[in-house]
Amino acid sequence: KESWNISEPFFTVGLYCFIFGEIGNAVHHSLLAQLRPREGIQRHTLPVGGLFKYLTMPHYFFELLTWFG
């Protein structure tokens with residue numbers, strides 16, 4: 001029976017990818033939640049901040065990174 005060794009590089013890289021992906025996903029979902037209309041105001045705005053400057057959907061990028069990890 002083979003068990004995972006925490007000192008193995010694959011485990012360490014996977015763990016860091018998972019943690020970084022979860023944090024990035026939470027940050028970008030928080031930015032999107034701030035765009036929700038409040039008090040009946042209906043307007044469309046583009047998200048700003050984080051990686052929205054470089055990616056259309058960074059929350060999906062971080063989701064993939066999490067699954068990769």
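Student: Why is leucine 55 called partly exposed?
Tutor: Its relative accessible area is 33%. Buried means under 20%, exposed means over 50%, and partly exposed is in between (1.4 Å probe, protein chains only). Leucine 55 therefore counts as partly exposed. This is a predicted model, in which local features need pLDDT of at least 70 and side-chain atom pairs count only at pLDDT 80 or more, while totals for chains, interfaces and linings use all residues. Residues are numbered from 1 along each chain as its sequence is written, and side-chain values use heavy atoms, with hydrogens and water left out.

Student: Where in the chain is leucine 55?
Tutor: Leucine 55 is in the loop between helix 1 and helix 2. Helices here are DSSP runs (H or I, at least four residues), as are strands (E, at least two), numbered from the N terminus.

Student: What makes glycine 49 partly exposed?
Tutor: Its relative accessible area is 36%, so glycine 49 is partly exposed. Glycine 49 also belongs to the loop between helix 1 and helix 2. From its C-alpha atom to that of leucine 31, 18 residues apart along the chain, the separation is 7.5 Å.

Student: How do you know whether asparagine 25 is buried or exposed?
Tutor: Its relative accessible area is 8%, so asparagine 25 is buried. Asparagine 25 lies in helix 1. Contact means heavy atoms within 4.5 Å. Leaving aside neighbours within four places in sequence, asparagine 25 is in contact with His59, Phe62 and Glu63.

Student: Why is the pair of phenylalanine 20 and phenylalanine 62 called edge-to-face?
Tutor: Rings of Phe, Tyr and Trp (its six-membered ring) pair if their centres lie within 6.5 Å; planes under 30 degrees apart count as stacked, over 60 as edge-to-face and the rest as tilted. By this rule there are 2 aromatic pairs. In the pair of phenylalanine 20 and phenylalanine 62, the centres are 5.6 Å apart and the planes stand at 70 degrees, so the pair is edge-to-face. Phenylalanine 20 is in helix 1 (residues 9-33) and phenylalanine 62 in helix 2 (residues 58-68), 42 residues apart, and the pair links distant parts of the chain.

Student: What makes phenylalanine 61 and phenylalanine 62 an aromatic pair?
Tutor: Their ring centres are 5.2 Å apart, and with 70 degrees between the planes the pair is edge-to-face. Phe20, Phe61 and Phe62 form one aromatic cluster. Phenylalanine 62 is buried at 4% relative accessibility, whereas phenylalanine 61, at 41%, is partly exposed.

Student: Why is helix 1 called roughly antiparallel to helix 2?
Tutor: Axes are lines fitted to C-alpha atoms, for helices over the stretch in contact, and angles run from 0 to 180 degrees between N-to-C directions. The axes of helix 1 and helix 2 come within 7 Å and cross at roughly 160 degrees. Helix 1 is therefore roughly antiparallel to helix 2 (under 35 degrees is roughly parallel, over 145 roughly antiparallel, 65 to 115 roughly perpendicular, the rest oblique).

Student: Which residues of helix 1 meet helix 2?
Tutor: Among them are Cys17, Phe18, Phe20 and Asn25, while the helix 2 side includes Pro58, His59 and Phe62. By class, the contact of helix 1 with helix 2 has 8 nonpolar, 7 polar and 2 charged residues.

Student: What is glycine 69 in contact with, beyond its neighbours within four places in sequence?
Tutor: Glycine 69 is in contact with Gly14, Cys17 and Phe18. Glycine 69 lies in the segment after helix 2, and at 41% relative accessible area glycine 69 is partly exposed.

Note on methods:
Ala, Val, Leu, Ile, Met, Phe, Trp, Tyr, Cys and Pro count as nonpolar, Asp, Glu, Lys and Arg as charged, and the others, Gly among them, as polar.
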